[in-house]
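Have a look at the fold first, and then read on.

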Amino acid sequence: MARIYIFKRFERFWHWSQAALIIVMMVTGFEIHGTYRIFGFEQAGIYHTTAAWILIGLWAFAIFWHFTTGEWKQYIPTTENLFAMMRYYAGGIFVDAPHPFRQTQLRKHNPLQRLAYLWVKLMINPLIWISGLLYLYYNEWPAVVAGLLTLEMVAFVHLVTAFMMAIFFVLHIYFATTGHTPLAHIEAMITGYEETEDDEETPAKA
């Protein structure tokens, strides 16, 4: 197995910070909806809003980083090996079939990962941003917005997209355990290095 440097330091910081903030928002969000009681409604609301603002700031800087470094190209959809990846995840992974995708510094994500991450970045994240901000500042809606939307509509969109994020979060954890060892991909997001069967790539410095 060869080790290649895949995930830069900011990517790892962004990944784990985002994960921690999403967990905080899921825990407090469920409490706000009355599922259980941990912090109390008012305190849960404060924690939820604070985590949301931090996450928005993190996302904004991540967008800037991706465009200034060119890493946004990692999320361009491709059909190359797309169906091979589908067959692999549908059955091949359970019979130890060879992985159809070779990870490199220029191709960090397989075709299905690109589609999933693009869906999160272009659909789920913006809907959570917009609905969350509309919900937070509903008393200050301009007349044109108030004439088109109701608070219930905004709350429903926010709830649906939050559940979509939660589903993605759970699936992401599952697929993170499907490397050559259950912790291989998780370790890569800590160290930055992935182990591959191809040693063509030369490790780069952080």
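## What you're looking at

This is a predicted model, so to speak of local features we need pLDDT of at least 70, and side-chain atom pairs count only at pLDDT 80 or more, while totals for chains, interfaces and linings use all residues. Residues are numbered from 1 along each chain as its sequence is written, and side-chain values use heavy atoms, with hydrogens and water left out.

The chain has seven helices and two strands (DSSP runs numbered from the N terminus: H or I of at least four residues for helices, E of at least two for strands). Going along the sequence, the order is β-α-α-α-α-α-α-α-β. The C-alpha trace spans about 60 × 35 × 30 Å along its principal axes.

## H4 against H6

Helix H4 (residues 111–136) and helix H6 (residues 151–176) have axes that come within 9 Å and cross at roughly 145 degrees. Those axes are lines fitted to C-alpha atoms over the stretch in contact, with angles running from 0 to 180 degrees between N-to-C directions.

Contact here means heavy atoms within 4.5 Å. Among the residues making it are Trp119, Ile124 and Tyr135 of H4 and Val154, Met165 and Phe168 of H6. By class, the contact has 17 nonpolar, six polar and no charged residues.

## A greasy patch outside

Val24, Phe30, Tyr36, Ile38, Phe39, Ile46, Tyr47, Leu159 and Phe163 form a nonpolar patch on the surface, together showing about 750 Å² of accessible area (Shrake-Rupley method, 1.4 Å probe). Patch members have over 30% relative accessible area and no salt bridge, with nonpolar side chains joined within 5 Å and like charges within 9 Å.

Helix H1 (9–32), helix H2 (41–69) and H6 each give two or more residues to the patch. Phe163 sits in H6.

## A salt bridge across the chain

There are four salt bridges in the structure (a side-chain nitrogen of Lys or Arg within 4 Å of a carboxyl oxygen of Asp or Glu). One of them pairs Glu11 with Lys108 at 2.7 Å, N to O. Glu11 is in helix H1 and Lys108 in the loop between helix H3 (82–90) and H4, 97 residues apart.

Terms used. Nonpolar A, V, L, I, M, F, W, Y, C, P; charged D, E, K, R; others polar.
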